[in-house]
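Hi everyone, thanks for coming. Please take a moment to look at the sequence and the model on the screen, and then I'll walk you through them.

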Amino acid sequence: HPGQHLKIVGGQLWCDACKCNVSSAKGETAKHVDKTQKHKERAAALSIQNENIGAIQTAIHDYKQVVKDAEGEAAEIKGLARVSEVTQVARAECLEEVLKAGIPAFKINKLRPYLERRMGVSLSTANHLCETYIPALKMKEEKILRNEFKGEFIGVYHDGTTHQGESFAI
């Protein structure tokens, strides 16, 4: 059953989507994969999550290329030059999810010990995360929006108030 998030762990068949052991009997495995609604929903969610991680990786790589092209081949982006790709993606994904939840980015500093324990990756300060990963995440979102609205007319309107909470509506 390729693509169904099944693997052998400790000599037993394990479903990564459902987080449970699955019988290794051919009929039982097929029943779990084909007829269990829980498996179908969780496998779809896991596939979407993997696509998002791939999009983040691509955005970080594209951002590095844009900076190198603008500043020359020797340019290094502060915070990305000596950090492994796995750590970069985990940090960017964490920042993206915090922002999607409507949590101000500076609160990552308070959540940092918990997030580092749960993620198994060291984070950085909220300011550093924002400086390093927001441009790449912005490129990712722009790419998604450009594909979604390709060929459509888009109007951008904004409220020109003078306070910091100036709102934008698209």
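Predicted model: local features only at pLDDT ≥ 70, side-chain atom pairs only at ≥ 80, totals over all residues.

**A first walk through the chain**

Residues are numbered from 1 along each chain as its sequence is written, and side-chain values use heavy atoms, with hydrogens and water left out.

Now, the overall layout. The chain has five helices and five strands, where helices (H or I, at least four residues) and strands (E, at least two) are DSSP runs numbered from the N terminus. Reading from the N terminus, the order is β-β-β-α-α-α-α-α-β-β. Of the 170 residues, 28% are buried; buried means under 20% relative accessible area, exposed means over 50%, and partly exposed is in between, with a 1.4 Å probe and protein chains only.

How do H3 and H5 cross? The axes of H3 (residues 85–100) and H5 (residues 126–148) come within 10 Å, at an angle of roughly 75°. That makes the two helices roughly perpendicular. For the cut-offs, under 35 degrees is roughly parallel, over 145 roughly antiparallel, 65 to 115 roughly perpendicular, and the rest oblique. The axes are lines fitted to C-alpha atoms, for helices over the stretch in contact, and angles run from 0 to 180 degrees between N-to-C directions.

On the H3 side, the residues that meet H5 include Ala92, Leu95 and Glu96, and their partners in H5 include Tyr133, Ile134 and Leu137. Contact, by the way, means heavy atoms within 4.5 Å.

Let's look at a few of these. Leu137 is buried at 9% relative accessibility, and it touches Ile56, Ala92, Leu95 and Glu96, not counting residues up to four places away in sequence. Leu137 and Ala92 are 45 residues apart along the chain, yet their C-alpha atoms are separated by 7.4 Å.

Is Glu96 buried or exposed? Glu96 is buried, with a relative accessible area of 6%. Leaving out residues up to four places away in sequence, Glu96 touches Asn52, Ile56, Leu137, Lys140 and Glu141. Ile134, also in H5, is partly exposed at 35%.

In soluble globular proteins, nonpolar side chains tend to be buried together. Here the largest nonpolar core has 19 residues, and Ile56, Ile60, Ala92, Leu95, Ile108 and Tyr133 have the most contacts inside it. H2 (37–71), H3, H4 (108–119) and H5 each supply at least two residues of this core. A second, separate core has seven residues, among them Cys18, Val22, Ala43 and Leu46. A nonpolar core is a set of buried Ala, Val, Leu, Ile, Met, Phe, Trp, Tyr and Cys residues joined through side-chain atoms within 4.5 Å.

One last stop: Thr29, in helix H1 (residues 26–35). Thr29 is buried, at 6% relative accessible area. Setting aside neighbours within four places in sequence, Thr29 is in contact with His1, Leu6, Leu13, Val22, Ser23 and Ser24.
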